[in-house]
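Welcome! Please take a moment to look over the sequence and the model below, and then we can walk through a few of its features together.

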Amino acid sequence: MTERKNSFQEINRELLDFLDSSPTSFHAVANMEELLRQAGFNRLLEGEVWKLQKGGGYYVTRNDSSLIAFRIPESDFAGFQIMASHSDSPALKIKDNAEIQVEKQYVKLNVEKYGGLLCAPWLDRPLSVAGRIVVRTDCGVATRLVNVDRDLLIIPNLAIHMNRKANEGYEFNGQKDMLPLFGGKEAKEGFLKLIAETAGVKTEDILDTDLFLYNRMKGTVLGLNGEFLAAPRLDDLQCVFASLKGLLAAKPKRSVAIHCVLDNEEVGSGTKQGADSTFLRDVLHRINRAMGRGEEEYLMALASSFMVSADNAHSIHPNQPDKADPTNRPFMNEGIVIKYSANQKYTTDAVSGAIFKSICQYANVPCQVFFNRSDMIGGSTLGNISNSQVALNTVDIGLPQLAMHSCYETAGAKDTAYLIRAAQALYSSTVCGTGNGEYQVEWE
C-alpha cells in the first residue's frame, strides 16, 4: 500500500511540475519535445523527407503548439494505436497595441477571451504573461518563447459597495471587466519593452505576438489524505502528460503507437494545427509511405487501428450533485471516465466503449461512465472532429475533475496514474477488426 501511495505521489509531483512549466500550448509542446529527446526520440520536420526505421521513435510539431510523437514496432505493423488530447486551455489573449491608460494614473492591457472560460476565478489573483513572439532576424523571422516568470498583473474586482448585487449573479463583460492592471502611470509604453527584455531581443525587432495571461498559483495536492490535486490547465494537460508517459513506457509489438496533441480544441479545432486539420492524417500517410507501404495497405491499417480521444470529464460536484445524470455518476479517484452522447458530441459507441473497457481491464484500471443529463447540452471534444479527417474506431474518455474551464481546477490524485497505465496498455496493443462484427485485441 505504501509503495502504491508513493507511486501516486511521484506521478503527481511530475504532473504538477509539467503544468507549472507549461503556461501556454507553446510551452507544453516545448516541454514534451525535451522529454522525447531525453528518451531518444528523433525530431522530424514536415518540410523534409522522412526516413524511418523499425523500432525507432520520432516526433513532429506544427505551429509550435501541436505535436505528434510515435514509436514504430520492430516488426511490420498492422495498424495505429492513437491517443489524442489537446494542448490549449481557456485563457485571456493579449491584443496588439495592448496598453490602455486610465485617468493618466493606471495602465491596463487590452485582452480578449480565448475559449469558454469561467471569468470570475481570474479576478483578484496574481497573473503574468507567456506565449511566443515573432522577431526580425538577418534571415527573415523567427519565433521565441516568452514567460514573464513573476507576479505581474491583476484583474481587480469591483467592491461590493459599488455593486450590491454582485453576489446575486453577474454577467462579465469581456471588454470592460476582464482587463488586467499592468502598472501605474510610469508603466506607459513599458509592456513591449518588458517582453523584449524577457526574450532577450530588441523591442523594435518584435513583429508580432501570441501572448496570453496565465494564473500564477502553482499546482498543489490537498484534501485530508492528499486525495485531490488542484492546478491550472488540468483540462487538458493532465491527459497530455499521461498519454506521453504511457508512450514512453510502452513497447509496441504490431502497431505504431501514436501520442497526438492538437491545439485550438477550446475554440473549435478549425485551424491548421487543430483536430479538423490534416496534421494527424498527414503523419499517418507519411509513416505508411516511409515504411514502404502503398495506399491499399494504408487503408487496411486504418481498419486495424484504434483511437482514444482523451479530454477531461466532469466529476459529480459536491455542492451541485443534481447537475449530473441520475444513473451514471463519475467521481474523482474512481477511474477513467468513458463519455457517451446520443447526438455524437462524443464518438464512443458500443464497439469502441467495449474495446476500451477491455484495455482498462488488461491494465487493471477502473473505469466509469459519463452521460449528460438529458435536459442539458454538454460540451464537445476533438474525437468526432478528428474522425472527419481520419475515420477510425474511436472512444472519448477523460479524467474526472471539478471546475472545468476555471483557471484553477480540481482532480483526483489517483487518476493520472490510472490513465498512464491505460495509455501504456493501449500503445502496447493491437486492435484488429475482422469486418464481420468481431474485433481482436492483442497485447505485446
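To compare two helices, we use axes, which are lines fitted to C-alpha atoms, for helices over the stretch in contact, with angles that run from 0 to 180 degrees between N-to-C directions. The helices themselves (H or I, at least four residues) and the strands (E, at least two) are DSSP runs, numbered from the N terminus. Before we start, please note that this is a predicted model, in which local features need pLDDT of at least 70 and side-chain atom pairs count only at pLDDT 80 or more, while totals for chains, interfaces and linings use all residues. Residues are numbered from 1 along each chain as its sequence is written, and side-chain values use heavy atoms, with hydrogens and water left out.

Let us begin with helix H5 (residues 279-290) and helix H6 (residues 295-303), whose axes come within 10 Å and cross at roughly 125°. Angles under 35 degrees count as roughly parallel, over 145 as roughly antiparallel, 65 to 115 as roughly perpendicular and the rest as oblique. H5 and H6 are therefore oblique to each other. The crossing of H5 past H6 is right-handed; a crossing has this name if the near helix is turned clockwise from the far one by less than a right angle, and is left-handed if anticlockwise. Contact here means heavy atoms within 4.5 Å. On the H5 side, Arg 281, Leu 284, His 285 and Asn 288 meet Glu 295, Glu 297, Tyr 298 and Leu 302 of H6.

Is Ser 243 buried or exposed? With a relative accessibility of 0%, Ser 243 counts as buried, where buried means under 20% relative accessible area, exposed over 50%, and partly exposed in between (1.4 Å probe, protein chains only). Leaving aside residues up to four places away in sequence, Ser 243 touches Met 83, His 259, Ala 423 and Tyr 427. The side chains of Ser 243 and Tyr 427 are joined by a polar contact of 2.8 Å. A polar contact is a pair of N or O atoms within 3.5 Å; within protein, one must be able to donate a hydrogen and the other to accept it, and residues adjacent in sequence count only if both atoms are side-chain atoms.

Side chains of opposite charge can pair when their charged atoms come close. A salt bridge is a side-chain nitrogen of Lys or Arg within 4 Å of a carboxyl oxygen of Asp or Glu, and the whole structure holds 16 salt bridges. In one of them, Lys 245 pairs with Glu 14, with the closest N and O atoms 2.7 Å apart. This pair links distant parts of the chain, as Lys 245 is in helix H4 (residues 234-249) and Glu 14 is in helix H1, 231 residues apart. Lys 245 is partly exposed at 28% relative accessibility, and Glu 14 is partly exposed at 24%.

Helix H1 (residues 2-20) also holds Asp 17 and Arg 13, which are 4 residues apart and so separated by about one helical turn. Their side chains meet in a salt bridge (3.0 Å, N to O). Asp 17 is partly exposed at 42% relative accessibility, and Arg 13 is partly exposed at 44%.

Strands take part too. Asp 210 and Lys 93 form a salt bridge through their side chains (3.1 Å, N to O). Because Asp 210 lies in strand E10 (residues 206-215) and Lys 93 in strand E5 (residues 91-102), the pair ties together parts that are 117 residues apart in sequence. Salt bridges that share partners join Asp 64, Lys 93, Arg 132 and Asp 210 into one network.

Strands E5 and E10 come up again at helix H3 (191-199): they are among the elements that cover the buried residues of H3. Those buried residues include Phe 191, Leu 194 and Ile 195. After H3 comes Gly 200, with a positive phi near 70°.
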